[in-house]
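The sequence and model come first.

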Amino acid sequence: MAKLGDMISTIRWRNVVLVLVVLTALHFIFIDDTLRNSYSSYNVPDKEHSAVSEPAKVPEGNAPVDVGKTAPELAKPPAPLVAGDSKPADPKPTSATKPADAKPSGGEFYADAGAAAVAGANKETPAEPTAPAAPETTFTPAPFDSGDKDEYLAICVSVKDQYLDLLEWLTHHYHHHNVRRFYLMDDGSTPVLATLNFSSAVDPKAITHRYYHPATRLFKHQQLVAYDECIALFGHKHKWMAFLDADEFLETRGKDTLHGMLKELDSDEKIGALAINWQIHTSSGLLKRPASSRKSFVTCIENYDNPGHDPGFGKENEHIKTIVKTKSYNRPLNPHKFELKDGARTVGENGDNVDRFAWRVPITRDRISVHHFASKSREQFEAKISRGNGMGDPKGWEWWNHTESLPDYKCEEMTKYDP
Ligand SMILES: *[C@@H]1O[C@H](CO)[C@@H](O)[C@H](O)[C@H]1NC(C)=O
Ligand SMILES: *[C@@H]1O[C@H](CO)[C@@H](O)[C@H](O)[C@H]1NC(C)=O
């Protein structure tokens, strides 16, 4: 007995811990394909999300490596319209900051421990990517009291790069929908989004960053992994969480406000989510990135949109995006719809039952809409193809050709918003 005690006391516990850490790291690096593909069980509703990427057709010069592309692209475009100021501020194309030197812009930063470990081992990190300078603006953070002190509603976004898009997206939801918490689930951006300056758009304290290193990206459906994490880590802090992309902008109509619509649903235990139909915008013939998506892309496809239309099945604007009561959240079925606990229902703007897999038919937008800037300008669509998406199935030129050729109409609802 005494011998055993001696043995235990001579074990170098530090070494044991070290071995465990190394084994864990190896596990993540060489994790087998079974686990890698386990998220494939998520169904993907339709061609919008099906594999239409055609690497051979991606124009040269848009190599999937972001570094070369993002730097010039981000340096050139005009500043997004972020201030009440009518004259667009001059962008600063110079003073490209290396991420290593860039100061975190504030907000909470949750580094991924596993990511950091692998990052150290991975010598092929892209060399010296450049960060864009923040556009000049007259905006002062936290210009008004949103009334949402307890962060009743948060938005979770899985995003890669798209810094300029995010500036407008954050500005919009912060100023016009009083959202005071954004979870930027960074899917391997270069530079890391947390190193960039978002204070021209929002009070940086309203952003919580979380970064996933590409080397630890285990699942094809990273977007859904990020959604699960948003709820697991932060769900308890909020009554509602919206799951949007950086090219999806909410608009409420008439007297409705976003918070008001959600509060109507608070007390009904049988309701667990609000589903909102897409309103898909096309390129409006633009070739280059404009200062503002909301002000510039003013054509929308009308397919299946009119009351009395022949319902399609999983087509275009029939898609929904969803705001979920965090306590009802069980898991994402796809990026559009969620499985809810205790048989809770997903409802549309009129309290209607949304029981389809990812869609709501008939489409109505009397109270609320999700404007989906799916194509943007040609140059932005090229960049989007190069970037890939969080579901491992980026849209390709087939999507562009398809949506550009559909009947469209003038949709200028978003131009009313300033900033
Ligand atoms: C971030 O941008 C704001 C406004 O654009 C600017 O005032 C501030 O100095 C910048 N902060 C850093 C750390 O660069
Ligand atoms: C899209 O349309 C263009 C012009 O009509 C055509 O050249 C191209 O091959 C089309 N691409 C796909 C993928 O359908």
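Which residues have the most contacts inside the largest nonpolar core? They are Leu153, Leu166, Trp169, Leu170, Phe182, Leu184 and Phe198, in a core of 53 residues. The largest share of this core, seven residues, is supplied by helix α6 (residues 163–176). A second, separate core has 20 residues, among them Cys156, Tyr227, Ala273 and Phe338. A nonpolar core here is a set of buried Ala, Val, Leu, Ile, Met, Phe, Trp, Tyr and Cys residues joined through side-chain atoms within 4.5 Å. Buried means under 20% relative accessible area, exposed over 50%, and partly exposed in between, with a 1.4 Å probe and protein chains only. In soluble globular proteins, nonpolar side chains tend to be buried together.

This is a predicted model: local features need pLDDT of at least 70, side-chain atom pairs count only at pLDDT 80 or more, and totals for chains, interfaces and linings use all residues. Residues are numbered from 1 along each chain as its sequence is written, chains are lettered from A and ligands numbered from 1 in the order in which they are written, and side-chain values use heavy atoms, with hydrogens and water left out.

Take Leu170 from the largest core. Setting aside neighbours within four places in sequence, Leu170 is in contact (heavy atoms within 4.5 Å) with Phe182, Leu184, Phe198, Ala201, Val202 and Ile207.

**Disulfides**

How many disulfides does a search of the whole structure find? It finds two. The criterion is a pair of cysteine sulfur atoms within 2.5 Å. In sequence order, the bonded cysteines of the protein chain pair 1-2, 3-4.

| Pair | Sulfur atoms apart | S-S torsion |
|---|---|---|
| Cys156 and Cys230 | 2.2 Å | about 85° |
| Cys300 and Cys411 | 2.0 Å | about 90° |

The torsion of Cys156 and Cys230 is about 85°, so that disulfide is right-handed. This pair links distant parts of the chain: Cys156 sits in strand β2 (residues 153–159) and Cys230 in helix α7, 74 residues apart. Cys156 and Cys230 are buried.

With a torsion of about 90°, the disulfide of Cys300 and Cys411 is right-handed. It also links distant parts of the chain, from Cys300 in strand β8 to Cys411 in the segment after β14, 111 residues apart. Cys300 and Cys411 are both buried.

**Helix α7**

Helices (H or I, at least four residues) and strands (E, at least two) are DSSP runs, numbered from the N terminus. Helix α7 (residues 222–234) has 13 residues. Its first and last C-alpha atoms are 18 Å apart, close to the 18 Å expected at 1.5 Å a residue. That expected span is 1.5 Å times one less than the number of residues. The buried residues of α7 are Gln222, Gln223, Leu224, Val225, Ala226, Tyr227, Cys230, Ile231 and Phe234.

**Backbone details**

The peptide bond from Val361 to Pro362 is cis, with omega near 0°. Pro362 lies in the loop between β12 (345–347) and β13 (368–373). The bond from Asp418 to Pro419 is cis too, with omega near -5°. Pro419 is in the segment after β14 (408–410).

Where does Glu316 sit? It is in the loop between β8 (299–301) and β9 (320–325). Glu316 is not a glycine, yet its phi is positive, near 20°. Glu316 is buried, at a relative accessible area of 7%.

Lys376 has a positive phi of about 55° without being a glycine. Lys376 lies in the loop between β13 and α10 (378–387). Its relative accessibility is 7%, so Lys376 counts as buried.
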